[in-house]
Amino acid sequence: NRCEIMSAQVEQWREQMLHACAVSKLRPALERSGYFAPGDLDYYEQEDSFDDALMALYQRESELLADYRALIADDAVEIDGEEMSLNEYLARESLSEDEHNSAYLAWLQRVNGEIAGIYAQLIDVRLEIAGKLGYDSYEQFCYDDYARDYSPAEASAWLGEIRQVLGPYRQELIDRGEYDRIEYPVLNERQLMERLRDAMDALGDPAAEAFGFMEDYELYNVSADLRKSPVSYTAYLYRYDTPYLFVDAYGDVEDLVTTAHEFGHFLAAYSQGLWSAPLDLDETWSQGMEFLALEKLEGTPHYDELKRIKLLDALDAYTSQAAYSAFEQAVYELPEDERTAERFNELCLECMRDYGQLEDDGEISALWWTQVTHLFEMPFYMVSYCTSADAAMQLYQLALDDPDAAWEAYQILLEDWDIPYADALEDAGLESPMCSGHAARARETIEAQLPD
């Protein structure tokens, strides 16, 4: 928390240091010595690019995020008149589904008001930050910060198409019991790595080479261990100039999907030496690798179960992330006096229903926005999961007819990391997700490929 709260101050000091370098008589020597490339310091010639007023707003934002994290970490809840740890209570094997949901709802209700107050203040601060930086909306500020080449208006239209086509379709699949048919056969770590190694070998280089490198130097942790952090990610080890893959595995076939996803990030970092990449493209590499691996795993044990998991997961990537994105757009447009827990809850319930995410009586769904950390930590990020889900679906559609062409398209996307997203998709023979009709095509593909 201390590091997070101080981050704005440290960034101001950094910019002041760079300003000193930019106006120093030693600047030519710094550039000749390779500390800075010519032009790197041009932006910092102007003093106070990160002024005190703006720094104070960023400082306040950091403090509010620290408050949110502390509140989420406090899992105390009252059950039958006794205060206890929610996580410890939910770990009881004897709990019924109703007891589980009742306890979770009690905790959500306890924290809802406080989290809503924090979120309302975050919105106020972020709107002020955007205004000071010359933006009419905080959403557009985020889009520019993420270097997106599409507008909030285009994204909103795309979300509307998902709502109209895929939201009702997901509800249809729930009603006909498709989600109840999901099974998770056991898969140990050795089997996981063997099957993915075979899939990468079938794809060929650079996937096979990168996977072999990852195994040879043990640059992964895919064990199923309750002591592990409950998150999966790909980190970059700067001292070794190499990526590292970490998966919170469950010990079942779904681990193939999760590990393939993270290996998409690993492959990009390994191939291009990238520790940071454009957001939409980065998520396309990961979600696209899930589908390419799936196609190469056909014929392996429990393939039908794996295919069902992946296809329904892809549908969820469209609908759940679209629901949260629509919720986020709506709350930032609320007048200040309407930024309340009650209004936030109403909007969340409405979005969950519209996008086919309502799987209970609505009590938990209405409060679920408080658990979506991206809303707090990475505002307006989640729409990229929708665009990249569609680009990945296009790769799968291509792989169904011509696997070699799909792999070639994926490799083009690996190479095109430094150009606009739409241009990279075009180079690979794919279309922008914003093109009309893509949600309907995704529905047709999922329906046709779902195992009987």
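## A hairpin and the fold around it

In this predicted model, start at the hairpin of S4 and S5, where aspartate 241 takes a positive phi near 55°. Four residues lie between the two strands of this hairpin.

Now follow the strands themselves. S4 covers residues 233–237, and S5 covers residues 242–246. They pair in the antiparallel sense. Five bridges join them.

Step back to the whole chain. The protein holds five strands and 19 helices. Its C-alpha trace spans about 70 × 60 × 45 Å along the principal axes.

How does the radius of gyration of the protein compare with that of a compact globule? For 452 residues, such a globule would have a radius near 22 Å. The protein has 23 Å, so the two agree.

Contacts come next. Take those between residues at least 6 apart in sequence. Of these, 72% join residues at least 24 apart.

What share of the residues is buried? Of the 452 residues, 51% count as buried, with under 20% relative accessible area as the cut-off.

The accessible surface comes to about 21600 Å². Carbon and sulfur atoms account for 46% of that surface.

The protein carries 31 positive and 95 negative charges. How far apart are the mean positions of these two sets? They are 3 Å apart.

Key
Residues numbered from 1 in each chain as written. Predicted model: local features only at pLDDT ≥ 70, side-chain atom pairs only at ≥ 80, totals over all residues. Heavy atoms only, no water. Rg over C-alpha atoms; globule rule 2.2 N^0.38 Å. Buried < 20%, exposed > 50% of the residue type's maximum accessible area, 1.4 Å probe, protein only. Contact = heavy atoms within 4.5 Å. Areas by Shrake-Rupley, 256 points an atom, 1.4 Å probe, with all protein chains shown as cover. Lys, Arg positive; Asp, Glu negative; His and termini not counted. Charge placed at Lys NZ, Arg CZ, Asp CG, Glu CD. Pairing = 2+ DSSP bridges.
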